[in-house]
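Student: I would like a close look at one part of this model, taken slowly. Please set it beside other parts where that helps.

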Amino acid sequence: MGKEFIYIIPEILILTTATIVLSLDIFLPRERKSLLAYVSIAGLWLAAFLSAGLIGERVSILADMFVIDSFGIILKIVILIAASMAALLAIEFLKESNKYGEYYFLLLSSVLGMMIVTGSSNLIAVFLGIQLTSVPLYIMAGFARTDVKSNEAALKYFLLGVLTAAVTLYGMSLIYGMTGTLNLAEIATKLEHTNLNDPVLFIGMTFVVSGFTFKIAAVPFHFWAPDTYEGAPTPVTAFIAAVPKMAGFAALVRLVFTAFPEFTGQWVGLFGLAATMTMITGNILAIPQKNIKRMLAFSGIAHVGYALISLAVSNQHALSGLVFYMIAYAAMNLGAFAIVIAVGRVSPENQIEDFAGLGSRSPLLAGAMTILLLSMLGFPLTAGFMAKFLVFASAVEKGYVWLAVIGVANSVISLYYYIGVVRQMYMVPPKTEKPVPIPVTIGAVVLTSVVVTMVIGIFPEYFIQLARLVFLVNASF
Amino acid sequence: MIPLNYFVIFSAILFSIGMYGVLARRNAILLLLSVELMLNAVNVNFVAFSRYITPHTIVGLMYTIFAMASGAAEIGVGLAIIVTIYRGKQTLNVDEIDMLKW
Amino acid sequence: MTVNGPTIAFLILASLILSAAVYIVTTRNIMHAVFVHLLALSSVSGIYILLYAQFIAAMQVLIYAGAVTTMVLFALMLVKPKAGMEIALDNQQKGMAFATAGVFLSVLLVVLVPKVWATSQEKLTPLTVAKFGKILFTKYVLPFEMISVLLLVALIGVLVLASKEEE
C-alpha cells in the first residue's frame, strides 16, 4: 500500500499546492496576492517534473482505480505545463477583483481533476474526475460576477454540463447492468462473453461517448463552446479552450481502447462521422464570426474534428498523432488567446476589427499572431502542419483516404477566416492609433507558445519520438 | 422478489420525464429540478443493478453515493450561478438570458 | 406478473413518483414544484428500501430532502419568489421537447422491456453500514478523496459567485 503513493505524488502535490494557495490567501496583504499565481505555477512545474520521472512505469494502483502508463503521464505533463501558461495569463485580469486565492485554487482543482481523468481505469474515477474538472470551470466562467455576459456563460456551460453528466451517468448505469462492473479492463473481459450486438450495450456506449465528446466540444455537443468562450473572461477562455480537451480525449481513448477494444471496427463509423461533422461545422460557422473569441471557439471545434480522425483510425500511429496534436493545439491556442487578452486591454469588445492595423501598432504581437494562425491553418514548418500531417497520414495508411481528403478540404476552408484576421492586421488601416502595451506575463506566454510552435514545426522528430513513446511501452494499445 | 426490469423501466420513464422538463422548462430553477429527476433515475438504476446482478459486491451502491454527493455539489454551484444572474438581470427565464446567442 | 406485498408497494411508490415528476415538469407554480419534488425524492428512498439498500435510502433522505431541497428553497427566497412566477414557466419548444423525450422513451422501452438481465440468484440481504465504511476507505479511497475536493470546490465557488461585493 505504502509504495503506491509514490505514483500519485504529482496529484498529491497539486492538491497540496491548491490548499497552500487557499490558506496563504488569508495571510497575504492585498497588494501582495499576485504571489499566489507564482506559487501555483511553481507547483504545476514541479508536478510536471515529478511526472516526467515516472515515464516508463506501468502500474495499476489504488485497487485498480488508477493506472500509471506513458500515455497518461505524457498527457499529464502537457496538461500541467499548459495550465501553468493559463495561470500566468490570469494575473493581469485578477488585479481588479484581487481574488487570486480563489481563482488559483479553482484552477488547480480543475487540473487535479484532469490529471485523474488521464489515469482513470474505473468509470467511477473517470466520472468524478470529469466532475472535478468541470465544476471549477463553471465557476471560473462566471468569475467576472458583475458582467452579465460572464454570468450567462457560466449558466449555459453549467446547464448543458449537468444535462450531459446525467446522460453519461445513465449510459454508465446500462453498461454496469450489462457487465456488473465499472472497471474498464473488467468491462472488456466481461464483454468477450456477451452478445456485442445487444442494443442496450450500444445505447449505453453511445451515451457515455456523447458525454465525453461534450467535454471536447465535438459536434453535435458543441453548443456551449462559442457562448462560453465569448462570455467568460478571456484568461478563463484560454484555459477552457486549451487544457480540459486533453482530459476529454484521454477519457475517450481509455474508454475506447481499454473497455471496448472489441468494437474497434465500429469506431470508424461513429468517430469518422463525428470528425467529419465537427470539422465542417466548426469551419463553416467560423467564417461569419465578428468576435475573435467566437471565431477561435469555432476554429477550436474544427481542430477537435481533425483530432477525432485519429480516434476513427484508432491504431498506434493515430494515437501518437493525437498526442502530438494535443501538444500543438494547446500551444497555438494559449498563444492566440494571450494576444486576444493583450489587444482586449485596449479594445475590450474583442471584435476581429479591433485587430485592424495591429501590424503597425504592435508589430511583435501581429507577427506572433500571424505565426500562430498559420500554424492553426496547417502551414508547413509549424506545429499545426506536423500535427495535421501525422493524423491525416495515419488515416491514409489505414486506408481511410476519404477522411484525410475531408480534413485537407476543411483546412482549405479555414484559410478564409484565418487569413481574414491577418488581412485586418496588415492591410486595414487602424481605427485607433493607440499602441498595445504587452504586460510581461502575457508577453512570456506569447513568446513561449510561438517558440514551441516553431520548434515543433521545424524539428518535429523529437516530439514525434516523444509521442511514439506513449505506445512503445504500452503493449495493450 | 420484484422483477429487475420493473426498476429499470421505472427509471427509464423517470429519466425521460426529467429530460422533457429540461427541454421544455425555461425557468432555471425548474431546469435544475428536472435534472435532479434524471440523476435520481440513474441512481435507481445503479442500486437495482447492484442488488440484482452483483449482490456480493457493492460497486453500484458506492457509485450511487458518489453520484449523490457530486450531484449535490453541482446543484449548489448551479444555484449560486442562478442567484448571481438574477442580481444582474432580474430574471430566471433562460430565454431572456440572451446576451449571447444560444 | 407476480402479485405480492413488495411488488404492490413498488407499484404504488413508482406511480406516486412518476405522477409527482409529471407535476414538476408541467406545473405553473414554482413553489409547488419544489415541494412535490421533495415528495418525489423522499419516495425514491422507499424504492431503495425495497431493494434492501437502507443506507442509500438514508443518504437519499439526508442529501436530497435535507440538503438539496433546502438549498433550492434558499435560492428561491434570495431571488424573491415572484421572479419565477410572473409568466409561463415553459418555453416555446414544448412540442419539440415532448416529441424528443417521447422518441427517447420509446427507444428505451423497445430496448429495455424485452431485455433479460444476467441476474444473480442470491437472495437479497441488507448491507451493514460497517461493511460500507470499510470498503469506502480502502477500495474507494481515491473517489472518496475526489469527492472531498469537489465539495471544497463547490464551497469556495459558491462564496466566489454569490457573496456580496466587499466595498
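At what angle do helix 15 of chain A and helix 18 of chain A pack, and how far apart are their axes?

Tutor: The model is a predicted one. In it, helix 15 of chain A covers residues 316–344 and helix 18 of chain A covers residues 383–397. The two pack at an angle of about 160°, and their axes are 8 Å apart. Because angles over 145 degrees count as roughly antiparallel, helix 15 of chain A is roughly antiparallel to helix 18 of chain A. The crossing of helix 15 of chain A with helix 18 of chain A is left-handed.

On the side of helix 15 of chain A, the contact is made by A:H317, A:A318, A:G321, A:F324, A:Y325, A:A328, A:A331 and A:M332. Helix 18 of chain A contributes A:A383, A:G384, A:M386, A:A387, A:L390, A:V391, A:S394 and A:E397. By class, the residues of this contact are 11 nonpolar, four polar and one charged. Glycine counts as polar here, and the contact includes A:G321 and A:G384.

Another helix pair of chain A can be set beside this one. Helix 4 of chain A (residues 70–97) packs with helix 11 of chain A (residues 234–242) at an angle of about 170°, the axes being 8 Å apart. Helix 4 of chain A is therefore roughly antiparallel to helix 11 of chain A, and their crossing is left-handed. The residues in contact are A:A82, A:A86, A:L89, A:A90 and A:F93 from helix 4 of chain A, with A:P235, A:A238, A:F239 and A:A242 from helix 11 of chain A. This contact has nine nonpolar residues, with no polar and no charged ones.

Between chain B and chain C, 61 residues of chain B are in contact with 69 residues of chain C. On the chain B side, helix 1 (4–24), helix 2 (28–53) and helix 3 (59–89) each supply at least two residues. Helix 3 of chain B gives the most, with 20 residues. The chain B side divides into 42 nonpolar, 14 polar and five charged residues.

Chain C itself has six helices and zero strands. Of its 167 residues, 29% count as buried. Among contacts in chain C with a separation of 6 or more, 57% come from residues 24 or more positions apart.

Note on methods
Residues are numbered from 1 along each chain as its sequence is written. Chains are lettered from A and ligands numbered from 1 in the order in which they are written. This is a predicted model: local features need pLDDT of at least 70, side-chain atom pairs count only at pLDDT 80 or more; totals for chains, interfaces and linings use all residues. Helices (H or I, at least four residues) and strands (E, at least two) are DSSP runs, numbered from the N terminus. A residue is buried if 20 or more other C-beta atoms lie within 10 Å of its own, exposed if 12 or fewer, and partly exposed in between; C-beta atoms are placed from the backbone. Two residues are in contact if their C-beta atoms, placed from the backbone, lie within 7 Å. Axes are lines fitted to C-alpha atoms, for helices over the stretch in contact, and angles run from 0 to 180 degrees between N-to-C directions. Angles under 35 degrees count as roughly parallel, over 145 as roughly antiparallel, 65 to 115 as roughly perpendicular and the rest as oblique. A crossing is left-handed if the near helix is turned anticlockwise from the far one by less than a right angle, and right-handed if clockwise.
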